[in-house]
Amino acid sequence: MLETVKYLVGSVGASGFGSRSTAEQVTSACPDLRSITAIITGATSGIGAETAHILAKRGARIVIPARSIKTAEETRARILMEVPDSEIIVMSLDLSSQSSVRNFVSDFESLNLPLNLLM
């Protein structure tokens, strides 16, 4: 219980980070992620969008799968405004549909890219 309270108030843990640590702080030790490809589900809003933004800022290639291509393209545009050299790929994916998942996997495999992070 005490550990939970410490976490909630932002005390740092063994990693040196706590609940108040930012993505910017957590990734500061690895500023060059150009060799990394990350698929980030939920990247069109909230924590997913922030994760995509920070990883793009660090140089990672970002794949944004989304039900709404329009929303994903808007997210891509926002990231590119701040990080213009980013490589951001938008792909269609509805996780509630097995056929959509299969199509996404097939389309991703056809890109011949590594998959280093799946978030």
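1. A salt bridge is taken here as a side-chain nitrogen of Lys or Arg within 4 Å of a carboxyl oxygen of Asp or Glu, and by this rule the count comes to six salt bridges. This is a predicted model, in which local features need pLDDT of at least 70 and side-chain atom pairs count only at pLDDT 80 or more, while totals for chains, interfaces and linings use all residues. Residues are numbered from 1 along each chain as its sequence is written, and side-chain values use heavy atoms, with hydrogens and water left out.

2. One of the pairs joins arginine 58 to glutamate 24, with 3.2 Å from N to O. The two residues are 34 apart and link distant parts of the chain, arginine 58 being in the loop between helix H3 (46-57) and strand S2 (61-66) and glutamate 24 in helix H2 (residues 23-26); helices (H or I, at least four residues) and strands (E, at least two) are DSSP runs, numbered from the N terminus. Arginine 58 is buried at 13% relative accessible area, whereas glutamate 24, at 30%, is partly exposed (buried means under 20%, exposed over 50%, partly exposed in between, with a 1.4 Å probe and protein chains only).

3. Lysine 57 pairs with glutamate 82 in a salt bridge whose closest N and O atoms are 3.7 Å apart. Lysine 57 lies in helix H3 and glutamate 82 in helix H4 (residues 69-82), so this pair ties together parts that are 25 residues apart in sequence.

4. Within helix H4, glutamate 74 and lysine 70 are four residues apart, a separation of about one helical turn, and their side chains meet in a salt bridge (3.2 Å, N to O). Glutamate 74 is partly exposed at 37%, while lysine 70 is exposed at 62%.

5. Salt bridges that share partners join Glu24, Lys57, Arg58 and Glu82 into one network.
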